[in-house]
Amino acid sequence: MKLSRPVSWFLLAFGVWSWFIWITFVKNLWQDASGLAFDDAGDPTGYFWVHLLLAITSFVLGTTIGIIGLRGLRALRRERTHKG
């Protein structure tokens, strides 16, 4: 399957955006003082584990999608250099 340049850039941007957003989220989750992420003893709560799992899943999906976009851009560049 061949990806167009705009689609490849979109996928790459999505991957970068996912990392930016979820790294920020995990930092905020780790520093949570509201009592949602950690109980009074300082132990992680169910809220913490569920949201950490969401973040890890999003890192994996964002990375995979970003790599697909990067591979699409590289393939387009190789195709352009071989034609011209």
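**Salt bridge, helix packing and aromatic pairs**

Lysine 2 forms a salt bridge with glutamate 79, with 2.9 Å between the closest N and O atoms. The pair joins distant parts of the chain. Lysine 2 sits in the segment before H1, and glutamate 79 belongs to helix H2, 77 residues apart. The model is predicted. One salt bridge is found in the structure. The two partners can be described by their accessibility. Lysine 2 is exposed, at 58% relative accessible area. Glutamate 79 is partly exposed, at 30%.

Helix H1 spans residues 5-30 and helix H2 spans residues 46-83. The two helices pack at an angle of about 155 degrees. Their axes lie 7 Å apart. Because angles over 145 degrees count as roughly antiparallel, H1 is roughly antiparallel to H2. The residues of this contact divide into 22 nonpolar, ten polar and two charged. The crossing of H1 and H2 is left-handed.

Seven aromatic pairs are found in a search of the whole structure. In one of these, tryptophan 22 pairs with phenylalanine 25 in an edge-to-face arrangement. The ring centres are 5.2 Å apart, and the planes stand at 70 degrees to each other. Both residues, tryptophan 22 and phenylalanine 25, lie in helix H1. Three residues separate their positions, about one turn of the helix. Phenylalanine 25 is partly exposed, with a relative accessible area of 27%. Ring pairs also link Trp30, Phe38, Phe48 and Trp49 into a cluster.

Technical notes. Residues numbered from 1 in each chain as written. Predicted model: local features only at pLDDT ≥ 70, side-chain atom pairs only at ≥ 80, totals over all residues. Heavy atoms only, no water. Axes fitted to C-alpha atoms, helices over the stretch in contact; angles between N-to-C directions. Helix = DSSP H or I, 4+ residues; strand = E, 2+ residues; numbered from the N terminus. Parallel < 35°, antiparallel > 145°, perpendicular 65-115°, else oblique. Left-handed = near helix turned anticlockwise from the far one by under 90°. Nonpolar A, V, L, I, M, F, W, Y, C, P; charged D, E, K, R; others polar. Salt bridge = Lys/Arg side-chain N within 4 Å of Asp/Glu carboxyl O. Buried < 20%, exposed > 50% of the residue type's maximum accessible area, 1.4 Å probe, protein only. Phe/Tyr/Trp six-rings, centres within 6.5 Å; stacked < 30°, edge-to-face > 60°.
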